[in-house]
Amino acid sequence: MTINVNPPVAADTQQQMGPQDYIRRSASTVPEPARKLEAVAKLIDVSKCIGCKACQSACLEWNDLREEVGVNVGVYDNPHDLTPNTLTLMRFTEWVNDENGNLEWLIRKDGCMHCSDPGCLKACPAPGAIVQYSNGVVDFVKENCIGCGYCVQGCPFNIPRISKVDNRAYKCTLCSDRIAVGQGPACAKACPTKAIVFGTKEEMKAHAANRIEDLKSRGFANAGLYDPPGVGGTHVMYVLHHADKPTIYAGLPDNPRISPVVEAWKGVTKYAGLALMGVAAAAGVVHMAISGRNRVTVEDDDEARRLTAQAPGAQPLDPDKEPMA
Amino acid sequence: MTNSWTDIRNTDLVVIMGGNAAEAHPCGFKWVTEAKANRGAKLIVVDPRFTRSAAVADYYAPIRQGSDIAFLLGVIKYCIDNDKVQWDYVKAFTNAAYIVKDGFAYSDGLFTGYDAEKREYDRSTWDYEIGDDGYVLTDETLQNPRCVWNLLKEHIAQYTPEMVERICGTPKEKFLKVAEMISECSARDKTMTSMYALGWTQHSKGSQNIRSMAMLQLILGNIGVRGGGMNALRGHSNIQGLTDVGLMSNLIPGYLNIPTEREVDYATYISSRGFKPLRPNQMSYWQNYSKFFVSFQKAMWGSAATPENDFAYHYLPKLDLPAYDILRAFEMMDQGQMHGYFCQGFNPLLSFPDRGKITRSLAKLKYLVVIDPLETETSRFWENHGTFNDVDSASIQTEVYQLPSTCFAEDEGALVNSGRWLQWHWAAQNPPGEAKHDTWVMAQLFNRLKKLYQEEGGKFAEPILNLHWPYADPEDPKPDEIARELNGYTVTELRDPNDPTKVLVEAGKQVSGFGVLRDDGSTACGCWIYSGCFTEAGNMMARRDNADPDATGAYSNWTFSWPANRRILYNRASADLDGKAWDPSRKLIEWNGEKWEGYDVPDIAVTAKPREVGPFIMNPEGQSRLFTRGMMRDGPFPAHYEPFESPVVNVVAPAIRGNPVARVFESDRETFGDADEFPYAATSYRLTEHFHYWTKHVWVNAVLQPEFFVEISEELAAEKGIDKGGWCRVWNKRGSVHAKAVVTKRIQPLVCDGKPVHIVGIPLHWGFTGAAKNGMGPNSLTPFVGDANIETPEFKAFLVNIERSDGPASA
Amino acid sequence: MSEAAIHDSRRPVPPVSKKDLDRGDRLLLGREVVVNRYTRWARINHWITAISLILLALTGLALFHPSLYWLTGLFGGGQFTRMIHPWIGVVLFFSFAGLFVRFFRLNLPAREDAQWTARIGDVLKGNEEKLPEIGKYNAGQKFVFWAMSILIVTLIISGLGVWEEYFSDLLTIPQRRVAVLVHSMAAVAIICVWIVHVYAAFWVQGTLSAMTRGKVTGGWAWRHHRKWLRALAAYGQRDDVTPGDKR
Amino acid sequence: MNMEISRRNFLKGAGAGVAATTIGAFGFGEAEAAFVEGLRAYKLAGTTETRNTCPYCSVACGVIIYSKGDITQGTAKAVHLEGDVDHPTNRGTLCPKGAALLDFIKSETRLTKPKVRRAGSDKFEEISWTQALDEIARHMKDDRDANFIERNMDGVPVNRWTSTGFLAASATTNETAFLTYKVVRSAGIVAFDNQARV
């Protein structure tokens, strides 16, 4: 009747996900994986969120991160922004619904969206510093990160942060180390109201559908799922009561996509640039082959001697110096 | 809680009023979101602030703190006026039909028998008419003008929606919307649950706040049913347990009472208890009082408690006052009448009202002993911390002992949750440094005191010398040894009363439940309501079978729930007079012809016939009370009283300040402020990121909510030129604090009796020890006033003034 | 200012003046004609600039395209490469600033630059006789000079904007995106200019000695920078240069 | 009871309507090497699980404390703490306070040595348990003998010790509570209270 007080954590601590499951690897290519993991997703139901910050707390504890104790600046958001230690953050918005004049306290858990088309990975110059697993997890590999900050420019959601301590980029890993042993992210496990749930993406979409139905029945006509196509969909999705205007949720982008500037930089510039340099070098070689070197003739030397014969202020040439020509 | 956390999933309507479950009890609030998501339940939040509970509510209505009774009586009036009453329930299970004595009346805010000198009522008229048969007179037709129902209607007549708006500042249409939603739950197949906490208790009329909602729940037929009930969300992990085990000045474990001086001997004491039924056939369970009491005495003093010495009745202290509660204790300290004080895991310097008085009082002690796993402000009250604790150490003569105790991770034992579940836990790590278990500390203190009395003798040493101490290692009693005492055991063998040759239970066995306890000294039991928690079958509190047949949320085999592993109190009331469930989809127990069966342990005898025995077995009526007779010091019906410090006068009884029988000490009156000097209505509360004064020691929580602040409306901020995130000063006659300002739309000015009322919200989590930024707290400002019945301090409603500031000198 | 009287049969003789000369430009006469073209300090300054530019190209290219990431190996890995690149950039900027001050005067546009550019075909064929007489720098060299100047300013500004370690808060993220794009385009351009510069120096025989030993032959000067040589022949040196000044 | 099953079952999310998701659904095949490049090593490997209860509010969430070392040898140290997914009330979830309990256990301001502050002093000094307890017991006896009220004016035995008060905790176990009750009541203390009201 009394269960074993201290059952050891035996099996299931062996990580069953790894490089063999990469489908993308920054600044490098990966072979087609032999197996395809089922797409997973974290669903954040903003309408169920009570803004308790258990997710932030669990994240700090699981990842052994400690943020510095800050100050109050007149809001509930603490810390005030994502940092290399704060991988997820509750953002609070006091919004008055002009349709009925009611105050709504919109509370959104901010953090990496794990895009299917990750801008950070596209921008990253360091091979293997950012990887994408076949289940959708986009992860930073600390060992390979060079701290250039290109991922910051690449991200459509302003998520990655570069540590001033070790000059490496940090963001939510979706608890890849837990997923690898069949557990969900620490935030999802902790969430008291299950506003954060985790499972396969299909399950999460089905679950979201139920939630949206419930919300519509409670008068939220525009309730919907946030799974932005601009980045190929995300593996962190939101259920929003006002899906028609995501920006009211602390600036959640309406139609996020990788910036065209980044696309240009990482696309055409990269290749055109190399080509241009190649052409320049090649032109030189060709020109040399055709016209040969531009040599000084004996006549030129004689002309020079004639011209400078009575030049004023000329100095005598040291006879011991070996001749130039 | 009459029900359990997991039972909330069965409700149709959740009313959070006088609490903030989403912030203070997030994981319990989970069951509200489950009810919403899975059965379309609705959530109503009524609160002065738009809280995180309100953030996920279906409907929010603002209310001025301290006006809840007017609001709730208004809802009761709405239900009665609109015939939204669960009539079968009210007629069968309440005292609506009882005839009340002539002479009882209410006028100008006072009930009959008030003595302004003593600030007390003579409650003799607050009772029923008793017939010649010794039973109370009733009128089942509810026609008699003196029956409880008609007196109630008369009493609440003045609480119209307009009056509610005048008093509470709740716009009429919002009040009506809430009343309408609530009234729907009078249907047999709709239940509402009330989730409340210190938002109702911490008032000078806290008990009556709760009574008002309890009466409403009875009228709607929501007590004893799945998804219903009165659910007090207790603050601390084992405050339920500490109250059950009677760690209060006037209690004996299991809600028995410490005798008073007037009870000169055991016979007198017991005669005034063990109530005989007021209706035929009722169980009136307190008739067994003597069995529980004697068994307790045997657990305390073992062989020294004998029939000859009235089971050591005189070893118990006798009270000359209703209670030596915390407020009185500090009043005595301040008067120099108390010289020693122990704080076992408690931080009064921040927890008790009027910090100035607390500091002053502690400084008058000869010795103070603090037993705690953490640094506490109390243990360092003598240490100067600038504006955060401005004292002169040299002038404080108190000797202070700071003893390191273990925390949950290092000890073993049971905690009782709000749902009355006794849950056993095990130690995960060894204590740090020289920290010791509280049990070890208490045993060490006791053994030393006993030794001193053995060697030196002294005043009345018997209770100490004879204290029953049956532990394998007297220096270090083990949790399971003590748990066995709490459950109870047979001292001698128990024989069948009808056939003395038959032995029912051997001597020295764990009893199976309080049913077998006796008042002849043959059984011992530390806490009768816990009986059954540690039987011959083993430690029931350690059971971990989380099966839940038909998803009722009962979890009957998970740990142990007092009493008798019952999960929902008064569960007999979940079925109609004939024993059929009010709502078949929410069956709890039903009468099958011979006995009661279902998902829970029946509250009444399993073979007690319906229509004979009422559900409310602890009441001599067998029924619940809409009219409480003389059982509450401030009236058999709730009435609206303003807080002692209120921004408006009491519009129903202008002459009365506060609750006429609330606990007030004359010496504190001069520290009360008035609205002309301190115009703003302040309230104190917890934040979800913190737990009282513990989590400021926890780095992560200090990060999540680092610094002391107050919350004010944009309107008040503009009026006072206070910036969002800027400093402001909040003060009254008792103290002054500097805080960051959170200027928010979530607090709106209210209009009460035609006058705008601004609210100032003051969270309570900061001090001068720990990882978080140093800060002050509301108890520098709160008044030294207590509830009329249980002396809970009035932390939720008081007056302050506020201005822009440059922050504390040392900040 | 009087004209040089020396007659030339093939091309009109352009007027020359002392302004066509740099400090340190000197004629040395003996068995052969040798011309001092660059002072020691000019050469040191040039080579610091050159090395910085090469290191910048290598570290930059390493982070510019995955296929060149292996170059980080030359600098002890990606982290170090990322760390030093901007610092070298700072060195380059100040070093080039020195060159700019030294050289910009004679790199200002001149009348003959237009003809020279118009006859770029003959330039490439090496038909010097079809070109006008050129001073110390021809239009090609001037182009390199001014291209470098503009690109380096562009690179240092855009570079600071994306210098994560110290200036991450200088620009908004969208601004940083533009900055990093501009930076990489400018980098490509400057590398191309650098290729032209190096190739020209190598193609035109006798040029390298100007930056190694600081001297060129009279023949080289006659052939490629005759106007400059005429000025030397006419005045020998700028009079603000006292005899025996350091080379 | 199989921890592995329950550890996965939390994906059900307290009946939040999310169907059970098994490792199979994730498409995991046979196990890989224990250390996986690019992944943080699973930090709970080789730890011991202990069932406990959150000491904060009265929801009394079940928690699992993960520790290293052997408690019978006095070497056990908690390394991590999470919600107990088998617990009916919290189903493995925790609030921001419960989720950070490890920092409570390891708080820098936890007490590890008995201390005493003498009259008029401005600092604590360390003191041995024995001496501290001896002194406290002496304080108690002196105060009790000096102020104990055996009988009231009417000669009725009242056995009150009103000059020393005891404030009991709010998070200690029932067992601690009852032992405390026995000690405090047998001494006749009446100013006895707990945190129920605040």
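**Note on a predicted model: helix 4 of chain D, the A–C contact and some backbone points**

1. The buried residues of helix 4 of chain D are six by name: Ala132(D), Leu133(D), Ile136(D), Met140(D), Lys141(D) and Arg144(D). Seen down the helix axis, they fall within an arc of 160 degrees, so they line one face. The arc is that of the directions from the helix axis to the C-beta atoms. Buried means 20 or more other C-beta atoms within 10 Å of the residue's own, exposed means 12 or fewer, and partly exposed lies in between, with C-beta atoms placed from the backbone. Thr130(D), Gln131(D) and Ala146(D), on the other side of the helix, are exposed.

2. This is a predicted model: local features need pLDDT of at least 70 and side-chain atom pairs pLDDT 80 or more, while totals for chains, interfaces and linings use all residues. Residues are numbered from 1 along each chain as its sequence is written, and chains are lettered from A and ligands numbered from 1 in the order written.

3. Helix 4 of chain D covers residues 129-147, 19 residues in total. Its first and last C-alpha atoms are 27 Å apart, close to the 27 Å expected at 1.5 Å a residue. The expected span is 1.5 Å times one less than the number of residues. Helices (H or I, at least four residues) and strands (E, at least two) are DSSP runs, numbered from the N terminus.

4. What does the buried face of helix 4 of chain D pack against? In chain B, the partners are strand 12 (340-344), strand 13 (367-372), strand 14 (399-404) and helix 16 (438-456). In chain D, they are strand 4 (115-117) and strand 8 (164-167).

5. Asp438(B) sits in helix 16 of chain B. It counts as buried because it has 26 C-beta neighbours inside 10 Å. Leaving aside residues up to four places away in sequence, Asp438(B) touches Gln344(B), Ile371(B), Ser405(B), Thr172(D) and Thr176(D). Contact means C-beta atoms, placed from the backbone, within 7 Å.

6. The unreviewed UniProt entry places "transmembrane region" at residues 47-64, 84-104, 143-163 and 183-204 of chain C. Positions follow the numbering used here, feature names are shortened, and annotations may be inferred rather than shown by experiment. Span 84-104 is 95% helix and 0% strand, with its end C-alpha atoms 29 Å apart. Span 183-204 is also 95% helix and 0% strand, with its ends 32 Å apart.

7. Some backbone points deserve a look. Most residues other than glycine have a negative phi, and most peptide bonds are trans. Asn78(A) and Pro79(A) are joined by a cis peptide bond, omega about -10 degrees. Trp562(B) and Pro563(B) are joined by a cis bond too, with omega about -10 degrees. Leu142(B) has a positive phi near 60 degrees and is partly exposed, with 16 other C-beta atoms within 10 Å. Arg91(D) has a positive phi of about 50 degrees. Arg91(D) is buried, with 29 other C-beta atoms within 10 Å, and lies in the loop between strand 3 (77-83) and helix 3 (101-105) of chain D.

Definitions and conventions
Contact = placed C-beta atoms within 7 Å.
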